[in-house]
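Student: I have a two-chain model open and want a quick tour. Can we go through it piece by piece?

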Amino acid sequence: MTQPRIRVPSQARQGEVIEIKTLISHPMETGHRRDTQGQLIPRHIIHTFTCTYNGEEVFRADWHPAVAANPYLAFYTVATESGRLHFEWLDDDGTVFTAEAELTVM
Amino acid sequence: MNGMPSSTTPSALISRRTMLRQLGAAGLLLALCPADPWATPEAVQQAIRQRIGEREPQPGGMTLTLPKIAETGNSVPLTVAVDSPMTPGDHVLRIHVFVPGNPEPVASTYHLGVRAGKAQISTQVRLARTQTVLALAEMSDGSVRSDAASIVVTLGACVDELWND
C-alpha cells in the first residue's frame, strides 16, 4: 500500500500562509507507452488530489498523464484555526489514498 | 591515419557525423513513439478553449518557471506563481498548465481560492520533447493571465521510459 508523504507545519500563527508539500509513490502510467510486444500499456494515473481543512476544501488538483511519476506537489493555505488537514489522492482504479495532519493555530 | 580514405576532409567528417546523429535521433523517436503523434495545434487550442472559453489571456502578472534544458523529460520541476493579494475581491480561481509538445496537451489544473493564501504551486511534469510550456491563471474578476517558458528536452519522456524497461 502506498503511503503518501506530507509535510505540514505543526504550528502556525492565525492568518499565516503555510506551505504544504506532498509526495506519493505512483507510476502515473500515461497510456501512451507500449510494451515489448507492441501492446499499449493501459493508462493508470492518480487523476485528482484534494486538500480539506476541517472538512472544507482549500485546494484541489486535476492531473493528466503529463504529471510525472511519483507526483510531487507544493502549495499553500492560510492557517485559520486549529484542526485537521486531510489529503486525498484518487486513482484511476478507484483506490483512494489518504493522509492527515494536525495543525495548531496560535 | 593508415587506412583512412585520404579524400575525406575534416569538414565532411563532421557534417556526416552530425547528419548521422540527427537521423539516428529522429529514427529512434519514430521507432519508439509511433502510435502517439504529438497534439495538433487544433487539439491544443481546443484544450485551452475548453477551460477558459473565448476569453483572451493577457501575458504578465504571473511567472512560469522551469529549467531551460532537461536531459530527460521524465520529471521536470515546474513552478507557477501568480501576483495576487488572494483577497475575497481579488484572487486566483484556477491555474492551468499546458504541454503542447506532448500527446495530450493539458498537464494539470489547480483549483485555488481565497483560502490558498498564496497563488503558487510547484510540481514535476513529463515532457515528450522540446517545447514551450504554457500556464494560464483564471482570476476572480474573470480575466485570464498567461506566461510561457521554453525548454530543450534532450531525451523525451517516452523514449527514456522505454529504455528503462
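**Around one arginine**

Student: Let's start with Arg115(B). Which residues is Arg115(B) in contact with, leaving aside its neighbours within four places in sequence?

Tutor: Arg115(B) is in contact with Tyr53(A), Glu56(A), Val58(A), Tyr76(A), Thr77(A), Val78(A) and Thr80(A), once neighbours within four places in sequence are left aside. Keep in mind that this is a predicted model.

Student: Where is Arg115(B) found in chain B?

Tutor: In a loop. Arg115(B) sits between β6 (106–111) and β7 of chain B.

Student: Does Arg115(B) count as buried or exposed?

Tutor: Buried. Its relative accessibility is 19%, and the cut-off for buried is under 20%.

Student: What do the side chains of Glu56(A) and Arg115(B) meet in?

Tutor: A salt bridge. The N to O distance is 3.0 Å.

Student: How many salt bridges are counted between chain A and chain B?

Tutor: One. As for polar contacts, the rule finds 18 residue pairs across the interface, both residues at pLDDT 80 or more.

Student: What is Val78(A) in contact with, beyond its neighbours within four places in sequence?

Tutor: Residues from both chains. In chain A they are Gly15(A), Glu16(A), Val17(A) and Tyr53(A). In chain B they are Val114(B), Arg115(B), Ala116(B) and Gly117(B).

Student: How far apart are Val78(A) and Thr48(A) in space?

Tutor: They are 21 Å apart, C-alpha to C-alpha. In sequence, Val78(A) and Thr48(A) are 30 residues apart.

Student: Zoom out. How many helices and strands does chain A have?

Tutor: Zero helices and eight strands. From the N terminus on, the elements run β-β-β-β-β-β-β-β. The C-alpha atoms of chain A fill a box of roughly 60 × 20 × 20 Å along the principal axes.

Student: What share of chain A is buried?

Tutor: Of its 106 residues, 44% are buried. Now take contacts in chain A between residues at least 6 apart in sequence: 57% of them join residues at least 24 apart.

Student: Switch to chain B. How many helices and strands there?

Tutor: Three helices and nine strands. Along the sequence, chain B reads α-α-β-β-β-β-β-β-β-β-β-α. It has 165 residues, and 42% of them count as buried. Among chain B contacts between residues at least 6 apart in sequence, 67% join residues at least 24 apart.

Student: Why is β8(B) largely enclosed by the rest of the structure?

Tutor: Eight of the nine residues of β8(B), which spans residues 131–139, are buried, so the strand is largely enclosed.

Student: What pairs with β8(B) on the β5(B) side, and over how many bridges?

Tutor: Strand β5 of chain B, residues 92–98, pairs with β8(B) in the antiparallel sense over six bridges. Val92(B) stands opposite Met139(B) in β8(B).

Student: And over how many bridges do β8(B) and β9(B) pair?

Tutor: Eight, again in the antiparallel sense. The β9 strand of chain B runs over residues 144–155. Leu136(B) stands opposite Ser146(B) in β9(B).

Student: What do β8(B) and β9(B) form?

Tutor: A hairpin, with four residues between the two strands. Gly142(B), in the turn, has a positive phi of about 95°.

Key. Residues numbered from 1 in each chain as written. Chains lettered and ligands numbered in written order. Predicted model: local features only at pLDDT ≥ 70, side-chain atom pairs only at ≥ 80, totals over all residues. Heavy atoms only, no water. Salt bridge = Lys/Arg side-chain N within 4 Å of Asp/Glu carboxyl O. Polar contact = N/O pair within 3.5 Å; in protein donor to acceptor, adjacent residues only side chain to side chain. Buried < 20%, exposed > 50% of the residue type's maximum accessible area, 1.4 Å probe, protein only. Contact = heavy atoms within 4.5 Å. Pairing = 2+ DSSP bridges.
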